[in-house]
Amino acid sequence: MRQDFAEICKASHDAGLYTKLATNGWYLEENPDFAKYTDLMFVSCDAIGKAHDDIRHLEGISERSLKGIEYHKIHSPHMRIFVGCVVSAKTSFEQIKEVAQFCKDEDILMYISVNKSNQKLEEAQNVKETELEADQLSETFKRIKELKHSGYPIRISDYFMDYIIDKKNYYDS
């Protein structure tokens, strides 16, 4: 995180802009002043513990980001916090459920996205290699939809989930 990040957030806030941050969560406690001027923070969390560290190729990121979320829940109550979880071949449904349980326990919202690309393999190899096949993706989203309807704080529309469950390709026109 840039050392002047809080100043950038302040300038945005002072200009009357709705200020959002997307972060992996590494510096949330070391540089907390940004939160005074931030309306919404998205923190990446694809799994809990070592699984998330492995997915993000960054040892200790899970612990740091979860502690940062807990810190800001206490010290920055005005700022909304979302956890962003990416569904990919690197995440199992059980890992997604663990993240959903963390969100439920912490009373924060969970946003789920899909690791998918319409680019050619050579243009997006890292994404293409971790995409789930349509059948796997459909089954995963059926279970995510069940979680949502059983009270987990998942904030994606049923319409979007049904699109994935029905194996539609959102890149086709």
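Contact here means heavy atoms within 4.5 Å. The model described below is predicted.

## The sheet

An open sheet is built from 4 strands, arranged in the order β1-β2-β3-β4 with parallel pairing. Two strands, β1 (20-23) and β4 (109-114), stand at the edges; each has a single partner strand, so one side of each is left without a neighbour in the sheet. From one strand to the next, the twist averages 25 degrees.

Helix α4, residues 93-106, packs on the sheet and touches both β3 (80-87) and β4. The direction of helix α4 makes about 155 degrees with that of β4.

## Strand β1 and its partner

Strand β1 runs parallel to β2 (residues 40-44), and 4 bridges join the two. Across this pairing, A22 stands opposite F42 in β2, and T23 stands opposite V43 in β2.

The side chains of β1 alternate along the strand.

## Serine 138 in helix α6

Helix α6 covers residues 134-149, and S138 lies in it. S138 has a relative accessibility of 2%. Buried means under 20% relative accessible area, so S138 counts as buried.

Which residues is S138 in contact with, leaving aside its neighbours within four places in sequence? They are I164, I165 and K167.

Technical notes. Residues numbered from 1 in each chain as written. Predicted model: local features only at pLDDT ≥ 70, side-chain atom pairs only at ≥ 80, totals over all residues. Heavy atoms only, no water. Pairing = 2+ DSSP bridges. Axes fitted to C-alpha atoms, helices over the stretch in contact; angles between N-to-C directions. Buried < 20%, exposed > 50% of the residue type's maximum accessible area, 1.4 Å probe, protein only.
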